[in-house]
Amino acid sequence: MARRRPPTIHGLAIVDKPAGVTSHDVVGMLRRRLGERRIGHAGTLDPGATGVLVVGIGAVTRLLRFVGDGRKRYTGEVVLGVETDTLDADGTVVATHDMSGVTLEDVRRVVAEHLTGDIEQVPPMVSALKVGGKRLHELAREGLQVERQPRPVTIDRFEVHPTEDPAVFAIDVTCSGGTYVRTLAADLGRLLGGGAHLRRLRRVAVGPYTIDEARPPDEAEVLPPIEAVRGMATVTVDEATAALVANGRVLDAPPGEGPWAILGPGARLLAVYEPFRHGQAKPAVVLA
């Protein structure tokens, strides 16, 4: 059996995912375009959603967990009075409610009292979360419902604005990784005494990566590996220390809480280190 060719392209692409394709589809597009197999993404976007999808190529795929843990920002619309089985506009309507009396002030009050700060969410059945080795959306397609444990998330900002339709409210949410915005919409409807679903979801930022620099899959530029640690504390080391880093040595922890991007001469990204015991730092990913 022939051995797979090692990757020759290493970097980061900031993609503006179009509607109607999965995040995995985007990875496939880039694999064909770049001729590389080792490509992955940080943070799934639903097929109907658009916006920032951070994609790693080659060795940079190993750094995506640091990207995916960052704060995310979304825009979208909450439609009051209509519930769907997927909690968004792609699903089948399962219930309707008369919520004509709900005002903008009502919505903002519920958001401020219940859906801002540290909260808990029950992941939707249409999510990519795995339970018993299978993704929830796969179980949902089989007509199965399984118990899901609430998960803590943080909603830093949840702005609500009116639209021309009194039953539809525009939202702008900044939240921790792992937040389900469709669940926010459904919970908002329930807390207002009825139901709701989400539509027109667009991710406009993942950590320091914004929609302003995102491009369609066939146009996205491959940025150098150091862009994968944008916003992370950096430490530049000499040649002797770079050799230790290349061998995965534990080092004295730099100032700060970590993680730290370790750069060698010429600002070349060598590794990412994380806090260890007794004031030390250990390698999480070594690229050297």
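His 278 is exposed, with a relative accessible area of 75%. In this predicted model, the residue sits in the loop between β17 and β18. Its phi is near 55°, a positive value in a residue other than glycine. Most residues other than glycine have a negative phi.

Arg 200 shows a positive phi too, near 55°. Arg 200 belongs to strand β12. Its relative accessibility is 61%, over the 50% cut-off, so Arg 200 counts as exposed.

## The chain overall

The chain has 288 residues, and 43% of them count as buried. Its secondary structure comes to 6 helices and 18 strands. Take the contacts in the chain with a separation of 6 or more: residues 24 or more positions apart account for 67% of them. The chain exposes about 14,700 Å². Carbon and sulfur atoms supply 50% of that area.

## The sheet with β16 and β17

An open sheet is built from 5 strands. Their order is β14-β16-β17-β18-β15, and the pairing is mixed. β14 (233-236) and β15 (251-252) stand at the edges. Each has a single partner strand, so one side of each is left without a neighbour in the sheet.

Strands β16 (residues 260-264) and β17 (residues 268-275) run antiparallel and are joined by 5 bridges. Leu 263 stands opposite Leu 269 in β17. Helix α6 (residues 239-246) packs on the sheet. The helix touches β15, β16, β17 and β18 (280-286). Its direction makes about 65° with that of β17.

Gly 258 and Pro 259 are joined by a cis peptide bond, with omega about 0°. Pro 259 lies in the loop between β15 and β16. Most peptide bonds are trans.

## β11 and its partners

Of the 8 residues of β11, 7 are buried, so the strand is largely enclosed by the rest of the structure. β11 pairs with β4 through 8 bridges, and the two run antiparallel. Within β11, Val 173 stands opposite Tyr 74.

β10 also runs antiparallel to β11, with 7 bridges between them. Here Ile 155 has Cys 175 of β11 as its bridge partner. A hairpin through 5 residues connects β10 to β11.

## Helix α5, largely enclosed

Helix α5 spans residues 181-191. Buried residues make up 9 of its 11, so the rest of the structure largely encloses it. They are Val 181, Arg 182, Thr 183, Leu 184, Ala 185, Ala 186, Asp 187, Leu 188 and Gly 189.

The buried residues of α5 pack against several elements. Among the strands are β4 (72-80), β7 (117-121), β10 (151-162), β11 (168-175) and β12 (196-206). Helix α3 (104-114) is another packing partner. Just after α5, Gly 193 takes a positive phi of about 95°.

## The nonpolar cores

The largest nonpolar core holds 29 residues. Leu 80, Val 107 and Phe 158 touch the most other members. At least two residues of this core come from each of β4, α3, β10, β11, α5 and β12.

Val 107 is in contact with Leu 80, Val 102, Val 160, Phe 169, Leu 188 and Leu 192, leaving aside its neighbours within four places in sequence. Another core, of 22 residues, lies apart from the largest one. Its members include Val 206, Val 229, Met 232 and Ala 261.

Asp 88 lies in the loop between β5 (82-84) and β6 (93-96). Its relative accessible area is 11%, under the 20% cut-off, so Asp 88 counts as buried. Its side chain makes a polar contact of 2.5 Å with that of Thr 86.

Not counting residues up to four places away in sequence, Asp 88 touches Arg 182, His 197 and Leu 198.

Methods
Residues numbered from 1 in each chain as written. Predicted model: local features only at pLDDT ≥ 70, side-chain atom pairs only at ≥ 80, totals over all residues. Heavy atoms only, no water. Helix = DSSP H or I, 4+ residues; strand = E, 2+ residues; numbered from the N terminus. Buried < 20%, exposed > 50% of the residue type's maximum accessible area, 1.4 Å probe, protein only. Polar contact = N/O pair within 3.5 Å; in protein donor to acceptor, adjacent residues only side chain to side chain. Contact = heavy atoms within 4.5 Å. Core = buried A, V, L, I, M, F, W, Y, C linked by side-chain atoms within 4.5 Å. Pairing = 2+ DSSP bridges. Axes fitted to C-alpha atoms, helices over the stretch in contact; angles between N-to-C directions. Areas by Shrake-Rupley, 256 points an atom, 1.4 Å probe, with all protein chains shown as cover.
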